[in-house]
Amino acid sequence: MDTEVEFGDGTEDKGSMWALEQQLDQPMDEEAERVRNMYREKVSALLLLRLAFQSLGVVFGDLGTSPLYVFHNTFPRGIGDPEDVIGALSLIIYSLTLIPLLKYVFIVCRANDNGQGGTFALYSLLCRHAKIKTIPNQHRTDEELTTYSRNSFHEHSYAAKTKAWLEKYTFRKNALLLLVLVGTCMAIGDGILTPAISVLSAAGGIKVAHPKMSSDTVVLVAVVILVGLFSMQHYGTDKVGWLFAPIVLLWFLLIGSIGIFNIWKYDSSVLRAFSPIHIYRYFRRGGRDGWTSLGGIMLSITGTEALFADLAYFPLSAVQLASTVVVFPCLLLAYSGQAAYLMKNKDHVVDAFYLSIPESIYWPVFVVATFAAIVASQATISATFSIIEQALALGCFPRVKVVHTSEKFLGQIYIPDMNWILMILCIAVTVGFKHQIQIGNAYGTAVMIVMLVTTLLMPLIMLLVWHRHWMVVLIFSSLSLVVECTYFSAVLFKVGQGGWVPLVIAAAFLLIMYTWHYATMKRYEFEMHSRVSMAWLLGLGPGLGLVRVPGVGLVYTELASGVPHIFSHFITNLPAIHSVVVFVCVKYLPVYTVPEEERFLVRRIGPKNFHMFRCVARYGYKDLHKKDEDFEKKLFDNLFLFVQLESMMEGCSDSEYSWYGHQNERPRDFLLKDNANTVSSKLDRTISSAESIVQGKSPTETNHTVMSGGKASNSNHTEVDEFEFLSNCRAAGVVHILGNTVVSARRDSNIFKKIAVDYIYAFLRKICRDNSGMFNVPHESLLNVGQIFYV
């Protein structure tokens, strides 16, 4: 029998307390299975059609607006031989078939993290299957989350060998993170360039109808549309999102119908482009110019990476249906129709799309094209916000405000600071270049690098997550790299013609993100190495050597275990401490979300008369906005419930109490869930009384509820006393104690580290949102404890 590698600690020696905890958690098993399988459930045909229709407005907008500018960027110097049009069309057909359709829709999109796509979603999948996270703040209890899905594999499999290879050296972990950050920065550049080229290309239709109009007027119209688009972001897309799918569907039907009309009217012989022999003839005839024209042809597949990032909550089957039935056929017809028109009008390549429209429907198509460009831009902006949110949650982006714009949909967010930065950069690109050619060169560079990053991550996904044979992985990787490196080599020729823009933007964001992550990682290492031993704390006695004043002190720390250094610094400089101390750790896990009922872990530190607790609040990368909402209330609700459950567990058996008494030797984290209905009647009474406490009943009322269920035990009295004590302390006041750790470079550090830490990081830390703002802490309840750490 093959041996399987299982992650996490075993279940031996857990005792009856562990069994009781499993009984408490049992009702979540069905929900966990439902969450894991939500994207594999069979849906009715009618529902599938509806979801496929809705996915058009979210997933395919960017890909669908490419016909506005592809042929212009492919032939910037005009068309010499009409046969070149056939060759270019053949390249477009097979590019659309190989990359968006086969690679992404049917392979890469399967690597989503419960519906979330993008480079950070791939990274989160890898972090769950291998210990590659650079900030090691995960605990075995985190692996028990319903959304923390991962697979075990044989110890001698290629997956196990790949895992060991990744985990062996820190350098490999950092290199993988750097690769992900490069892809993320390029995706942010995509969020700047997509609105610029889409809106400018759509607005160019005005000049086609009015040739005497200057280019500056077209740019001005595009800028007005862009300002309006970014200014409306704070309203979210919840109220107008229902319009996106009809607009994009109408757009695809229009370009497909126009394509059929142009093929019939001008030249049906363009359909011979479906033979790949014309690709060979195109390169043989064009030489170096034919090779560099790939930089324009690859714009036909822009929007592919956004397709993956915007996968959102649509089942993969709905996306595949929309792609194969609507998107792919309509795009092929649109490009074929333009090629047919250019075969007879090769001098019209600059505005091939608008000039090929029948005059009777020109203005309706122009209006739909403008709205389609806005929808495509909106989808890319939303994807950029989502990517930044993921980076922020994993400690790779400065703290910025994240606003949730919809009560119905989790993924609709708005980041004010980044919105205005994107708008300024987008307008600067539009005004600075003024023409599609240079913006298209920049756009192609950004998209191609993001695709390469995804291609380099996919072999790890296929080995670690999907457990595919190495030969399958090799074939997929080789074919993808051959095609994409071919395009990338052509894009490199365009660097001096606008392709440098995304490189500069990405380099700036990469410097910011890596510097922030480096300082965050060093600060966490400092907290780990300088934490205070539990023996020292217990040696101080219940009074901690100080005066215990009424109130609750919430000490925020990045540590999920141990006593943070700021606490020892605090009590050695002040003569008093609060009667109740709670160490609060907020940490992010490589999952897209943590269910509310599984968010908080609570445990006691030291004996009961110390009145010290630890609370770990766990979030996924899509939960960033939730911290601001009733965080303190939820924390105390879970603290009261923990005390109630703890009291009940003490009275279960002597063996449990004996094991429970060694709380200083091994951790006891209890996952607090209020839906346990399969345990004893005593547990039912305990939970109901705990809920009464949460709902605001007095300890006396709670005591009456518990006593009425049967004979009162001593634990009930202790429980009520502690409830009353905690309630009184909370009523006396809650103080939030935050560590204000300043990271600074040592005097003997090299010049690069000094610039990065003392100037860049210090500047970012000064202008970004502080911790009190992230937790919505009122200033009158805030106490900052400062310390300096040298790296």
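## Packing of α7 against α9

Helix axes are lines fitted to C-alpha atoms over the stretch in contact, and the angles between them, taken between N-to-C directions, run from 0 to 180 degrees. The model described here is predicted. In it, the axes of helix α7 (residues 119–129) and α9 approach to within 9 Å and cross at roughly 160°. Angles over 145 degrees count as roughly antiparallel, and α7 and α9 are therefore roughly antiparallel to each other. Their crossing is left-handed.

On the α7 side, the contact is formed by T119, F120, Y123 and L126, which meet L176, L177, V180, L181, G183 and T184 of α9. By class, this contact of α7 with α9 comprises seven nonpolar and three polar residues, with no charged residue.

## Packing of α17 against α18

Helix α17 (residues 362–393) packs against helix α18 (residues 416–433) at an angle of about 130°, and their axes lie 11 Å apart. The two helices α17 and α18 are therefore oblique to each other. The crossing of α17 and α18 is right-handed.

Four residues of the contact between α17 and α18 are nonpolar and two are polar, while none is charged.

## Packing of α8 against α19

Helix α8 (residues 158–168) and α19 also pack at an angle, here about 130°, with 8 Å between their axes. It follows that α8 and α19 are oblique to each other.

From α8, the residues Y158, A159, T162, K163 and L166 meet L460, L463 and L464 of α19. The contact of α8 with α19 contains six nonpolar residues, one polar residue and one charged residue.

How many cavities of 30 Å³ or more does a search of the whole structure find? The search returns eight. The second largest cavity holds about 140 Å³ of space. It is lined by 16 residues, of which A187, D190, E305, A309 and I387 are the closest to its centre.

Two or more lining residues of the second largest cavity come from each of α9 (170–209), α14 (304–309), α17 and α19 (436–464). The lining of the second largest cavity divides into eight nonpolar, six polar and two charged residues.

Methods: Residues are numbered from 1 along each chain as its sequence is written. This is a predicted model: local features need pLDDT of at least 70, side-chain atom pairs count only at pLDDT 80 or more; totals for chains, interfaces and linings use all residues. Side-chain values use heavy atoms; hydrogens and water are left out. Helices (H or I, at least four residues) and strands (E, at least two) are DSSP runs, numbered from the N terminus. Angles under 35 degrees count as roughly parallel, over 145 as roughly antiparallel, 65 to 115 as roughly perpendicular and the rest as oblique. A crossing is left-handed if the near helix is turned anticlockwise from the far one by less than a right angle, and right-handed if clockwise. Ala, Val, Leu, Ile, Met, Phe, Trp, Tyr, Cys and Pro count as nonpolar, Asp, Glu, Lys and Arg as charged, and the others, Gly among them, as polar. On a 1 Å grid over the protein atoms alone, a cavity is a set of points where a 1.4 Å probe fits but cannot get out, and a pocket is an open set with protein on both sides within 12 Å along at least five of seven lines; lining residues have an atom within 4 Å of a point. Grid points are joined across faces, edges and corners, and a volume is the space filled by probe spheres set on the points. Contact means heavy atoms within 4.5 Å.
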